[in-house]
Amino acid sequence: MFFFIVHRPDIITCFSSLFRYQIFLYFTCAFQNISCGIHYLASVFMTVFPKHTCRPPGNVSRVLFHNVSNWRLDDIWNLLPLSYEDHVVVQLQNGEIWELNRCHRFRRDNKSTLDYDYNGHKSGFPCLDGYIYDTSKWDSTVVTHWDLVCNREWFARLIQPTFMLGVLLGALIFGYLSDRVGRRLVLWSTSSGMYLFGIAAAFALDYYSFMIIRFLLAVVASGYLVVVFVYVTELIGMKARTWASIHVHSFFAIGTMVVALTGYLVRTWWIYQIILSTVTVPFVLCCWMLPETPFWLLSEGRYEEAQTVVDKMAKWNRASPCQLSELLSPDVYGPVGNKPPEVKEHNLLDLFYDWNIGTRTLIVWLIWFTGCLGFYSFSLNSVNLGGNEYLNLFLMGAVEIPAYVFVCLGMDIVGRRNILIISLISSAVFCGMIMVIPKDYYVWSVVITMAGKFAIGSAFGLIYLYTAELYPTMIRTQAMGSGSMVSRAGSIIAPLCIYLSNVWIFMPQLLVGILAFVSGMLTLKLPETLGKPLATTWEEATRLDVEKDGSSGK
């Protein structure tokens, strides 16, 4: 006798309710999300560009910067700006006088006078002896360790975009593998990989091995983040599923706060990396306790194993076990020789089923892209706002938690679409406000940036659920997967967007603000899904647009 799963409430309730065992599993898995948040933003402090200047070819006996004279270069960093135009004049013990700036050094032919201004002949030389760095904030960073400055600066600029490229690849690989080998094995393997690659990155021999290890770290971290949502969704009951899935993001935000705290306490990059990687250890030690989800076991025909997991849940919850065999309907085709009816294969082109669905897809993709771009732009740029960069990043993480609470409360009161519009338009307004605040008022810049992160975080947290409700069952996975891929493009571009601040300091806010405003206005064209059952056919999905037009015309 063969069986197939019928998605009735009694089957789902049998092993997907919010009891003691499910709560334990939820917080165990959610705790590991802290590590994902850590590794996604760890480079904020690892790739700090400290003040630096070319190292002179000998021992320094005297240093001159404008009208300030000293005996050591380390004592003038507070006076030295980051611009390329300024230079430091040093006199070596052999009497030579050199002019040093960030990327060049010049030897003066006249050794008789030590003046800051010099109009005589001088010879230029590359910085073959390396660089001298300001160590007042960080003893060592990836930048100082491998001299990623001047003509090698772009190597440092590629660290975060390359990581995000690995995030994109990891989502594709492990999303597929979780359906083939199970959720439990993927969660265990990706968590172990996060620990091993995290530690290995701290001991990388050179820049290239560091980049490869970080790329692999991104792949497994992304894999865990994708699969844990599926795992939690399949174990938590329908009543608590929305809150549980959205608040998984809160643990990611805690990871951001851990990065800020660790960066404040540890100023050597490889020690900082090791400490951050140890957050994974508790989960790796206890992840063997995680069961496979009964949903996946049933889909694979492993009914006895599914029953074993259900019995274990019932024992933990001190509840009466349910018999899956009594809840499953017999396969109407019976004998092995009979073939089940063929199911039509769906692909990405189905997201453009007709004009209305195609328009809906493009708008949803834009929201995914804008949400991810804004999310990481606000976080990565927080260290450039002025004041205490560690406190700034900590606040960018902390503000996400009330944002998700706001989403959970608001979406069931005023609707998914309205919350999304409010969040996107608000983030655009806050981006505009940041641009008009004077530079000296950095406290207000931090406050408004927190408000912007609150708004864009709300939008980014809600788009997961809203996308699932906009599409019918047979194409819902493709809609979620394609939206996630588009958002990863936003996360790859986000660090490059921050570097545009060298062109104009408010360029990141301008780009995010424009995209958020356009996305918010286009969201008006999307239907509301509050109180509507999940669509199972194209007719039901397109009917959402008809109902929207009808309600707007009343």
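Let's start with a charge over a ring: the charged end of K122 sits over the ring of F106, 5.5 Å from its centre. By "over a ring" I mean that NZ of Lys or CZ of Arg is within 6 Å of the ring centre and within 35 degrees of the ring normal. R157 does this too, lying over the face of Y499 at 4.4 Å from the ring centre.

A quick word on what you are looking at: this is a predicted model, where local features need pLDDT of at least 70, side-chain atom pairs count only at pLDDT 80 or more, and totals for chains, interfaces and linings use all residues. Residues are numbered from 1 along each chain as its sequence is written, and side-chain values use heavy atoms, with hydrogens and water left out.

Now, rings with rings. Rings of Phe, Tyr and Trp (its six-membered ring) pair if their centres lie within 6.5 Å; planes under 30 degrees apart are stacked, over 60 edge-to-face, and the rest tilted. How many aromatic pairs does this rule give? The count is 29. Take Y224 and F283: their ring centres are 5.6 Å apart and their planes are at 80°, so this pair is edge-to-face. The two come from distant parts of the chain, with Y224 in helix α8 (residues 207-235) and F283 in helix α11 (residues 281-286), 59 residues apart. Helices (H or I, at least four residues) and strands (E, at least two) are DSSP runs, by the way, numbered from the N terminus. Y224 and F283 are both buried, meaning under 20% relative accessible area; exposed is over 50%, and partly exposed is in between (1.4 Å probe, protein chains only). Elsewhere, ring pairs join Y40, F163, F252, W368, F375, Y376, F460 and Y464 into a cluster.

Y40 and Y376 come up again in the nonpolar core. Such a core is a set of buried Ala, Val, Leu, Ile, Met, Phe, Trp, Tyr and Cys residues joined through side-chain atoms within 4.5 Å. The largest one has 138 residues, and those with the most contacts inside it are Y40, F210, Y272, Y376 and I463. Which helix gives the most to this core? That is α8, with 17 residues. A second, separate core has five residues, including L385, M396, V399 and M450. As for Y272, and leaving out residues up to four places away in sequence, its partners include W138, F45 and V259; touching, or contact, means heavy atoms within 4.5 Å.

On to the cysteines. A disulfide is a covalent bond between the sulfur atoms of two cysteines; here, the rule is a pair of cysteine sulfur atoms within 2.5 Å. There are two disulfides by that rule. One joins C103 to C150, with S to S at 2.0 Å. The torsion about its S-S bond is about -95°, so this disulfide is left-handed. C103 is in the loop between β6 (97-100) and β7 (105-108), while C150 is in the loop between α4 (142-145) and α5 (153-157), so the pair ties together parts 47 residues apart in sequence. Both C103 and C150 are buried.

C54 and C127 form a disulfide as well, at 1.5 Å from S to S. C54 is in strand β2 (residues 52-54) and C127 in the loop between β8 (122-125) and β9 (131-133), 73 residues apart.

C431 is buried, at 1% relative accessible area. It is also one of the contacts of Q509, a residue of helix α21 (residues 507-523).
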